[in-house]
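Thank you for making time this morning. I would like to take you through one interface and then one single residue, so please keep the picture in view as I speak.

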Amino acid sequence: MDENFQEEFTQIIKFEPPLYKQRYQFVKDLVEKYKPKKVADLGCADCSLLWMLKFCSCIEVLAGLDICANVMKEKMHILSPLPVDYLQPSERSLTVTLHHGSVAHKDPCMLGFDLVTCIELIEHLEESELKKFPEVVFGFMAPSIVVISTPNSEFNSLLPRVMLYRHPDHKFEWNQAQFQGWALETARCYGYSVEFTGVGHPPTGMEKVGFCTQIGVFVRKYSQTGESVQSEKPMEAVYKTVFKAVYPSLKDEKYLQNAVINEVIFTAQIIKHRLMSKREEYGDDPERKSKFQPSMDCFSDYLGKVVVEKNMEPFISGNEVHIPLTTIFSFPKVNRLCGTFEKLCKLIAGKVTLSSDGSAVMFNIEHENEEN
Amino acid sequence: SQVTELFSRTRNGEDVKITVTLTNELPPTSPTCLQFYNIIFRRLLKMLNLQQIGRNYYNPSDPVSIPNHRLMVWLGFTSSILQYEENIMLCADVSHKVLRGETVLDTMHSLHSQVGEERFRDTCAKELIGLIVLTKYNNRTYRIDDIDWDNSPKSTFRKSDGSEMSFVEYYRKQYNIEISDWMQPVLISQMKRKRGNIQGSVALIPELCSLTGLTDKMRNDFNMMKDLAIHTRLPPEQRQRELGRLLNYIQKDDNVQKELRNWGLSFDYKSVSFTGRVVQGEKIFQSGTMFDYNPQFADWTKETRGVPLIRSVPMDSWLLIYTRRNYDVANTLLQSLFKVTPSMGIHMNRPSMIEVDDRTEAYLRVLQQRVTPDVNIVFCILSSSRKDKYDAIKKYLCTDCPIPSQCVLACTLSKPQTIMTVATKIALQMNCKMGGELWSVEIPLKQVMIVGIDCYHDTVSGKQSIAGFVASLNQTVTRWFSRCVVQSRGQELVDGIKTCLQTALRNWSKWNKCLPSRIFVYRDGVGDGQLNTLVNYEVPQFLDCLKSIGTDYSPRLTVIVVKKRVGARFFAEIGGGLKNPPPGTVVDTVVTRPEWYDFFIVSQTVKNGCVAPTHYNVVYDTSQLKPDHVQRLTYKLCHMYYNWSGIIRVPAPCQYAHKLAFLVGQSIHREPNLMLSDRLYYL
């Protein structure tokens, strides 16, 4: 955050939206374009980029890595699932993990990612770390795409408060030629193509200084054949996991079953309710009758159609209300959740009271409304 | 004093020297430290992966779902660390959060299909305003204060940088959320004072909000509450077990233990155990007879049967109004009343039986034509629980034409197996409404006036607050003077209460031919945050009021703040197990506060779950009575609520004040006619 603050502080040039937001938006746009399933953010700091990315519905695995555990821990709980995620589990599965460790070390937990982002990371690396960095990220992790952003030192002349570097922890700041030279060499070495761009446009007339933040997008040239690379030697875990959150998802049988049971019983209750109130008529209250209008609710229209179809009609016999599973299955929500009728039967088996032949949900209405 | 010097360098390369001087040490019992302990404890709960909803933390991994009503219940904990009599202690309790598996938009859809277009907006306002919602995208809770039907997700709002953006666009950009229904209205939530006194409102999209808690409608749904109670009403043993689990988690979790060690804090993992007292049961007096009740049930419904009332008011002239459908019900009721009233000593004539159409106007017309000043009471049998009809009847008979009234739903009277019980209860209730007295307990203090005050805050319009004020009129505290104050927003309730106290004193002196020498005020409806205002502002106003009566008049005054919503739960160790403490249990050591004169009384009994103690805080006292006597008097007053032949949770004047404020706030909306003020017409 310190750096973000720094750049906004300059008086001559002010970016709108702030530059850090532009960098995050750049990553988000990239995610929208390539739809990666597994994304890792190296140097994730206070997790704000990860927090933005957790809302991207294509991502199923999110990982963050930082050399400083405390800065991650401070706000890591923003990555936890929300109560609503439990109430309405989503279709996709999502696991968020935070690791404490260095980008100069290899750890098997970083294998198999589609996108690795290194936003304002490399300029914090000591020379020895920077040397190992390409081998770890491009050689070992070898994701399909790598994004690297770093300050463009040519722009510093426009930032009057910057003395040497934009942040005291920066070990170096490269000009465009330096960054591109390093990037091209790295790309060549590990079989990637690289394209250069950036965020933070220079003022008119000064275009040649380039973007304030320079960005390289690396795309792996060949699809992964590197089983051999990974299985060369069994790796030992060197990172320490500091946080892990598994989001509730309908892919998890437990949540799916719960959702289906809830939906089945609720749907059946509505049908029962309508069935019973039809039987009772509205005669007891003229005020209600006069104001009662055919509802515009699509739900009731839908119900009207379903009930007309043969063999699917719910009925009351004695103290029992029977609501055929086929009727319930024809409701869009139930249908979408289960996919097939067999799956519906399987999921609710033993959890919902059914008629003796198992074809209908059954309610006993004998004891209802007793003390109302 | 001790000085530490530190050196650092800013981003711009300037060297900075930081000097830290020890000026003061916070004792572990200082308010700042206590606040700090609470923060740490809440952090521990977070570390245990509990989810914060509102103020408390809940366990999301093991929810109980009640699909019949689309409800989900999360088990969680309330926690507060405070300085108690001798020690700093953690007061923890099991808490249940009711969550709803549907969005506000889902609820709006089903309301629409239930009530139709015409009443849709009103119904939404009634059902939704005041509820707490969770959003899909952050971990905050919001209260719905209003529904803006003129706006939709397509509407734009001004962002902090000044640019305009539509909600649809905002949620898409910020959270990748696509709003599917672009026609829905927008919910408005008023922000409480946050950073820098900024007051504003937040707009929320119904589709993105999940409901929490229960609506009034759900609370009235007997079946739903029954289903819920199974999960939420934990008996003492089970409650203790759940709490034990929390402590166990804390004890077993390495990270949590490390955190505690880092702060140098530790816990005793046992709950505190101490000795309480059980005051003796009261004898109930009812015209010449006296009886005890079974302390286990704290109820004398059986014992009172067939015993004449202290004062019965004859029903010489009364009206019975019903619709054609309910003709039979009306007759059954009448027969039953004729059977039960003689043994109570109530003389009853045949009423004027009046048949009406089931419309509000029809009821009102009959009332206007047939209610004359000599009518004792008006009885209306209603065929549905439609609030507008009830409100109209009550409003007319409480303000324009002050006559006691009794409204009963036809379905309550339609079950042959319960009709006698129901008729008995109705007869007693009507008798109280006409100024009758049922039973009494011994009140050893002489010349005492007991006052009860409670408030009702209108959640729907948010405009009115109503204070109910009730004061005893006689030595046996069986007759009450009742008034209320209707206050619009921004006014202070206490000005009105002062007037009430003055008239109450005048009436007391009329009844007793002198002024009371002792006054006890039981003040309910005070939030923790308002306690100081009460002590610094309201109590001096009471004193002023007493002074204004006469220079030589200085009665002894005791002001007691009554609090029903307390976190503390007491379990009695009986026969090796944990049970609910018996009614009359008084606790005034260990878990009370050193800075207060306070105590707990468990007065009522419960069938399921844990009994909740009531907290009493004596904020002003010149009575010179021993605490024991104040406690005994308080407990005695819990026996005097005439709508329940048993002991209740609060002193009767508080419950009367509550009933009055509720009726006025819900149905009447202005001060009832003072002609009624010497009767419990609002029961």
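This is a predicted model: local features need pLDDT of at least 70, side-chain atom pairs count only at pLDDT 80 or more; totals for chains, interfaces and linings use all residues.

Let me begin with B:Asp400, which forms a salt bridge with B:Arg670, the closest N and O atoms being 3.8 Å apart; a salt bridge here is a side-chain nitrogen of Lys or Arg within 4 Å of a carboxyl oxygen of Asp or Glu. Side-chain values use heavy atoms, with hydrogens and water left out, residues are numbered from 1 along each chain as its sequence is written, and chains are lettered from A and ligands numbered from 1 in the order in which they are written.

Chain B is divided into domain 1 (318–434) and domain 2 (440–676), with bounds that come from an automatic or database domain assignment. Their centres, taken over C-alpha atoms, are separated by 31 Å, and the contact (heavy atoms within 4.5 Å) takes 15 residues from domain 1 of chain B and 13 residues from domain 2 of chain B.

**One residue in chain A**

Turning to chain A, is A:Met141 buried or exposed? A:Met141 is buried, with a relative accessible area of 2%, where buried means under 20%, exposed over 50% and partly exposed in between, using a 1.4 Å probe and protein chains only. A:Met141 and A:Gly112 lie 29 residues apart in sequence and 7.0 Å apart in space, C-alpha to C-alpha.
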